[in-house]
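Hi,

Here's the structure I promised you. Have a look at it first, then read on for what turned up.

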Amino acid sequence: MSLMVQEIEAPDARAAIAREVLEALPDWFGIPESREEYIRDSRTQPFWAELEGGAVRGFLALKETSPCTAELAVMGVLPAYHRQGIGRALFSAFHQYAREKGYVFLQVKTVREGCYTSYDQTNAFYRSLGFRELECFPTLWGGQNPCQIYIRNV
């Protein structure tokens, strides 16, 4: 499979891509208010999409959390394309951008391992990219979704 990751600059295109992908991932983005917040925020964040013939297969958005830290704010790959290298390709674009901008750390938040099978896969994916556990906030997203923060050096 040929992968084509490109930065998306138009706010409306960012939001449309985020909506298309996130609505196809109810196991991860099934809370409507949270999903809408990700979509809204993606309009103003550095944003990459993996496209094939103009069709979206996945995306990633970056959020600056401090002058030295970039957060992988939201990422999604359509279910038909999981485990085909798209997430890694999107992360590579994000990582390159973070290096060029001079960030020192990268972070990502997800639901702590052991709560849901789908998030166990997500945790394993982030660890495979070199992220390590920093801290868990058990009630940040409510008691059913303990927030695990991972970090890594750029």
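The buried residues of helix H1 (11-23) pack against quite a list of partners: H2, H3, S2, S3 and strand S4 (69-77). Keep in mind as you read that this is a predicted model.

Which residues of H1 are the buried ones? They are Arg14, Ala15, Ile17, Ala18, Val21 and Leu22. If you look down the axis of H1, these buried residues fall within an arc of 165 degrees, so they line one face of the helix. As for its length, H1 has 13 residues and spans 18 Å from its first C-alpha to its last, close to the 18 Å expected at 1.5 Å a residue.

Now try helix H3 (residues 32-42). Its buried residues include Arg35, Ile39 and Ser42. Those three cover an arc of only 65 degrees around the axis, which puts them on the same side of H3. Turn to the face of H3 that points away from its buried side and you'll find the exposed residues Glu33 and Arg40. What covers the buried residues of H3? Among the elements doing that are H1, helix H2 (26-29), strand S2 (47-52) and strand S3 (55-66).

Phe137, Leu140 and Trp141 make a nonpolar surface patch of about 280 Å². To find Leu140, go to the loop between strand S6 (132-137) and strand S7 (147-153).

Cheers

How values were computed. Residues are numbered from 1 along each chain as its sequence is written. This is a predicted model: local features need pLDDT of at least 70, side-chain atom pairs count only at pLDDT 80 or more; totals for chains, interfaces and linings use all residues. Side-chain values use heavy atoms; hydrogens and water are left out. Patches are made of residues with over 30% relative accessible area and no salt bridge: like charges are joined within 9 Å, nonpolar side chains (Val, Leu, Ile, Met, Phe, Trp, Tyr) within 5 Å. Accessible areas come from the Shrake-Rupley method with a 1.4 Å probe; for residues, only the protein chains shown count as cover. A salt bridge is a side-chain nitrogen of Lys or Arg within 4 Å of a carboxyl oxygen of Asp or Glu. Helices (H or I, at least four residues) and strands (E, at least two) are DSSP runs, numbered from the N terminus. Buried means under 20% relative accessible area, exposed over 50%, partly exposed in between (1.4 Å probe, protein chains only). The arc is that of the directions from the helix axis to the C-beta atoms. Contact means heavy atoms within 4.5 Å. The expected span of a helix is 1.5 Å times one less than its number of residues.
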